[in-house]
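Good morning, and thank you for joining this group meeting.

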Amino acid sequence: MEQAEQLLLGLGGAENITEVEPCTTCLRVTVKDPLKVDEEILTTSGAFGIVKIGHTVQVVVGPVTEELAASMEKLR
């Protein structure tokens with residue numbers, strides 16, 4: 001499974017995501033249900049850090065954010 005697929009799984013599945021926005025070193029993701037976010041899956045799929053604030057999850061992945069965001073959008 002590629003990293004984008006694993007990140008989608010960790011974020012509660014494609015149906016749980018309403019928006020993915022790449023930043024410099026993190027993905028800013030808006031989710032429908034924050035309780036579906038699995039930080040362990042995100043960490044094992046390469047996240048260096050995770051910040052959850054309400055329905056927004058920031059997943060620190062380093063300088064590959066543009067590529068990951070594009071791949072995640074194709075999978076949604």
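This is a predicted model: local features need pLDDT of at least 70, side-chain atom pairs count only at pLDDT 80 or more; totals for chains, interfaces and linings use all residues.

Let me begin with the packing around helix H1. The buried residues of H1 pack against S1, S2, helix H2 (39-44), S4 and H3, where contact means heavy atoms within 4.5 Å. The letters H and S stand for helices and strands, which are DSSP runs numbered from the N terminus: helices are H or I runs of at least four residues, and strands are E runs of at least two.

Residues are numbered from 1 along each chain as its sequence is written, and side-chain values use heavy atoms, with hydrogens and water left out.

Which residues of helix H1 are buried? Helix H1 spans residues 3-10, and its buried residues are Ala4, Leu7, Leu8 and Gly10. They lie on the same side of H1, because they cover an arc of only 165° around the axis; the arc is that of the directions from the helix axis to the C-beta atoms. Buried here means under 20% relative accessible area, exposed means over 50%, and partly exposed is in between, with a 1.4 Å probe and protein chains only. Just after H1, Gly12 takes a positive phi of about 95°.

I turn now to the sheet. Four strands form an open sheet with antiparallel pairing, in the order S1-S2-S4-S3. Two strands pair if DSSP finds at least two bridges between them. Strand S1 (17-22) and strand S3 (49-53) are the edge strands, each pairing on one side only. From one strand to the next, the twist averages 15°; angles run from 0 to 180 degrees between N-to-C directions, and axes are lines fitted to C-alpha atoms, for helices over the stretch in contact.

How many bridges join S1 to S2? There are 5, and the two strands run antiparallel. S1 and S2 form a hairpin with 3 residues between them.

The buried residues of H3 are Thr65, Leu68, Ala69 and Met72. Seen down the axis of H3, these buried residues fall within an arc of 100°, so they line one face of the helix. As a general point, an α-helix has 3.6 residues a turn, so residues three or four places apart point the same way. On the other side of H3, Glu66 and Lys74 are exposed. What covers the buried residues of H3 includes H1, S1 and S2.

Next, the salt bridges. How many does the structure hold? It holds 3, a salt bridge being a side-chain nitrogen of Lys or Arg within 4 Å of a carboxyl oxygen of Asp or Glu. One joins the side chains of Glu21 and Arg28, at 3.4 Å from N to O. Glu21 is partly exposed, at 34% relative accessible area, and Arg28 is partly exposed, at 30%. Another joins the side chains of Glu39 and Lys52, at 3.6 Å from N to O. Glu39 lies in helix H2 and Lys52 in strand S3, so this pair ties together parts that are 13 residues apart in sequence. The side chains of Glu73 and Arg76 also meet in a salt bridge, at 3.4 Å from N to O. Glu73 counts as partly exposed at 36% relative accessibility, as does Arg76 at 37%.

Finally, the cysteines. A disulfide is a covalent bond between the sulfur atoms of two cysteines. A search of the whole structure finds 0 disulfides, the criterion being a pair of cysteine sulfur atoms within 2.5 Å. Cys23 is in no disulfide, and its nearest cysteine sulfur, that of Cys26, is 4.3 Å away. Cys26 counts as buried, because its relative accessibility is 10%.
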